[in-house]
Structure formats: structure tokens, C-alpha cells
Amino acid sequence: MQGVLTGFAVIAVVIAVGYVLGLRGHLGPQGREVLTRLAFHVASPALLFTTLATADLSVVFSSRLLVTALSTVAVAGAFVAVGVVRRWGVGRTTIGALCSGYVNSGNLGIPIAVYVLGDASLVAPVLLFQLVLVTPVAVTILDLSGGGAKGPLWRRLLTPLRNPIALGSLAGVAVAATGLRVPAPVMDPLTLIGNMSVPAVLLAFGISLCGSTMPMRGADREPVLLAVALKAFGQPAAAWALASGVFGLRGAQLLDVVVTSALPAAQNLYTYASTYEVGERLARDAILVSTVVSVPVLVAVAAVLG
């Protein structure tokens, strides 16, 4: 329980600092946009590269990863199905699907893995799955559904190779797969730049809360409610059913996959929504509400399965 509260406290403090910065206008009217672009085009690609370049790719073949992948596909698919019926649009539905199944495995998942599960590496399968597969696919869909959809077919097919998030992920995987060792004069600056990613995302998110209305109101109320319900309750329930019923996981292994699936929607999803100018309020509200709701859910999961 202490690990859950510690992880949330760290995030809350940084978001609060961003809110104060936005309230007082210290970064000017373009502060949020600058932080968002910095995170998307520079810091996040650097973070993804340095994280994946030194990762153990053998976790890709673990049963934990299969549970994570299947539970993510289940809840994201549910949101997409509703989005198609309700005609929410490709971009908005993509953001909502991400908010339904893309967990905060980095700045919240790591501290919770340390304090609740006792091992930070246990979050690696979900982290790799999201960085290597989910992120490139999602940003490609967002590219093709927006301005990037225009142009010849060959250019559209090469969309992932022009996206900084996808490039950072794919380059990191390539380095890890080949066993290359990146020299320190190259890796150290990238690590330093990548360390800006999480603070920049959280600060931008805090600034976005200034002057905003209460969450879950207006036209985005229905998709926000659906995304939060799927994220906070649907995904951990699906993970538990798959882990215990299909893969036969018990004890600590079952706790690991359910806890990581119960993590709230990741803050960097707001960066994607803001960058592509689609579903921004949906992402902001879903992240905020799922983060609040996930606190009692995580405490309950740790108490029951721990």
C-alpha cells in the first residue's frame, strides 16, 4: 500500500507544480505547447531509445507479456467497437482506446513495482510491449488519420519511419537485438535528454488543468466514462481472468500482472493527443479520473492478492 501511495504522491506533486506554473503564467501562453513538443520530438524518443537499447528482449516471450497484450487488446477493442458505433472518429477513438489500455508503466509503474512487487524489472514486459508495438501502431494511425494521410501510398506506408516516438522505439530495439554497445559519449547525452520526458509531460498536463472545466462533462463525457471504466476495472479484471484461468499463474506472478494492468492511463497519452490536436480533453480527463480511481483499485488488488 505504501508503494501505491508513494508513486501517486510523486506524480501529484509534479502535476501541481505545472498547475501553479500555468496559473501564474511563468512559462507564457505557449508554455504547454513548448513542453509538449519538447517531450514528443526530443525527450521521449531519447528516453525510449535509452530504455530499450539496454533492455532484455527475452521478456517478450514471457507469459506475463501475453497476459498484458491480450488484456490490452481486449479493452482497446471494446472501446474501438463502441467508438465505431457511436461514430467518434478515427483519431478520437484511437486516443480513447489508448486511454483504455495503455498503462502508466514508467513514472508510476516503476515505483509501484519497487514498493509493492519488490522488483522494478517486473514492469518490463508491459513497458516493452507498449513501447515496441502499441506506440508505433497508435501514432501511425494518428498520422494517417490526420494531415499525414495525404500524399502517395509509399509515403504513407513509411509514416512510422518519420515519427520521432516510433523511431526512438525501433532504434532502441534494434540496438538491443544486435547486442551493440552504444558508447558513453553518445548514450550519456541521450540519457540526460530523456530524463526530461516525464517531468515535461507531467508539467504540461498540470498546465492544461488551468482554467479547465470539471472532468467528464460536455461532449466527451461518454467516451471518458467508457475509457475510465475499461482502464480501472476492465483491464485488471481481464488480466486476472487470463492469468489465472488461461495461463495458470498463481501467487506473486498473478499479483504482478494484475497490479500492472490496474495502473492508470499514462500521462504521455495527453502528449500524443495534444500533438495531433485530437481528443485532447478526452485524454486529459481520462488520465486524471483513471489516476484517481486507480488508487483504491490498486490498494484492493494488493490487499486481496498480496
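Q: Helices (H or I, at least four residues) and strands (E, at least two) are DSSP runs, numbered from the N terminus. In which helix is Val-289 found?
A: This is a predicted model, in which local features need pLDDT of at least 70, side-chain atom pairs count only at pLDDT 80 or more, and totals for chains, interfaces and linings use all residues. Residues are numbered from 1 along each chain as its sequence is written, and side-chain values use heavy atoms, with hydrogens and water left out. Val-289 and Ala-265 are 24 residues apart in sequence and 9.2 Å apart in space, C-alpha to C-alpha. The helix in which Val-289 is found is H14.

Q: Is Val-289 buried or exposed?
A: Buried means under 20% relative accessible area, exposed over 50%, and partly exposed in between (1.4 Å probe, protein chains only). Val-289 has a relative accessibility of 12%, so it counts as buried.

Q: Which residues have the most contacts inside the largest nonpolar core?
A: In soluble globular proteins, nonpolar side chains tend to be buried together. A nonpolar core here is a set of buried Ala, Val, Leu, Ile, Met, Phe, Trp, Tyr and Cys residues joined through side-chain atoms within 4.5 Å. The largest one has 73 residues, and those with the most contacts inside it are Ile-95, Tyr-102, Ile-112, Leu-269 and Tyr-272.

Q: Which residues does Tyr-272 touch, not counting residues up to four places away in sequence?
A: Contact means heavy atoms within 4.5 Å. With residues up to four places away in sequence left out, Tyr-272 touches Phe-40, Ile-95, Leu-98, Tyr-102, Thr-135, Leu-142 and Ile-165.

Q: How many salt bridges does a search of the whole structure find?
A: Side chains of opposite charge can pair when their charged atoms come close. A salt bridge is counted when a side-chain nitrogen of Lys or Arg is within 4 Å of a carboxyl oxygen of Asp or Glu. The number found in the whole structure is 7.

Q: How far apart in sequence are the parts that Arg-64 and Asp-256 tie together?
A: Arg-64 is partly exposed, with a relative accessible area of 22%, whereas Asp-256 is buried at 6%. Their side chains meet in a salt bridge at 3.1 Å, N to O. Arg-64 lies in helix H3 (residues 63-86) and Asp-256 in helix H12 (residues 251-261), so the parts tied together are apart in sequence by 192 residues.

Q: What separates Asp-285 and Arg-281 along helix H14?
A: Asp-285 forms a salt bridge with Arg-281, with the closest N and O atoms 3.6 Å apart. Asp-285 is buried at 1% relative accessible area, while Arg-281 is partly exposed at 27%. Because the two are 4 residues apart in helix H14 (residues 280-305), their separation is about one helical turn.

Q: How far apart are the closest N and O atoms of Arg-284 and Asp-285?
A: Both Arg-284 and Asp-285 are buried. They form a salt bridge, and its closest N and O atoms are apart by 2.9 Å.

Q: Are the ring planes of Phe-40 and Tyr-272 stacked or edge-to-face?
A: Rings of Phe, Tyr and Trp (its six-membered ring) pair if their centres lie within 6.5 Å; planes under 30 degrees apart count as stacked, over 60 as edge-to-face and the rest as tilted. The whole structure holds 4 aromatic pairs. The ring centres of Phe-40 and Tyr-272 are 6.1 Å apart and the planes stand at 80 degrees, so the pair is edge-to-face.

Q: Which helix gives the most residues to the nonpolar patch?
A: Patches are made of residues with over 30% relative accessible area and no salt bridge, with like charges joined within 9 Å and nonpolar side chains (Val, Leu, Ile, Met, Phe, Trp, Tyr) within 5 Å. Val-90, Val-132, Leu-133, Val-137 and Ile-141 form such a nonpolar patch on the surface, with about 380 Å² of accessible area together, computed by the Shrake-Rupley method with a 1.4 Å probe, where only the protein chains shown count as cover for residues. Val-137 is partly exposed at 44% relative accessibility. With 4 residues, the helix that gives the most is H6.

Q: What is the phi of Glu-277?
A: Glu-277 is found in the loop between H13 and H14 and is exposed, at 67% relative accessibility. Although Glu-277 is not a glycine, its phi is positive, at about 55 degrees.
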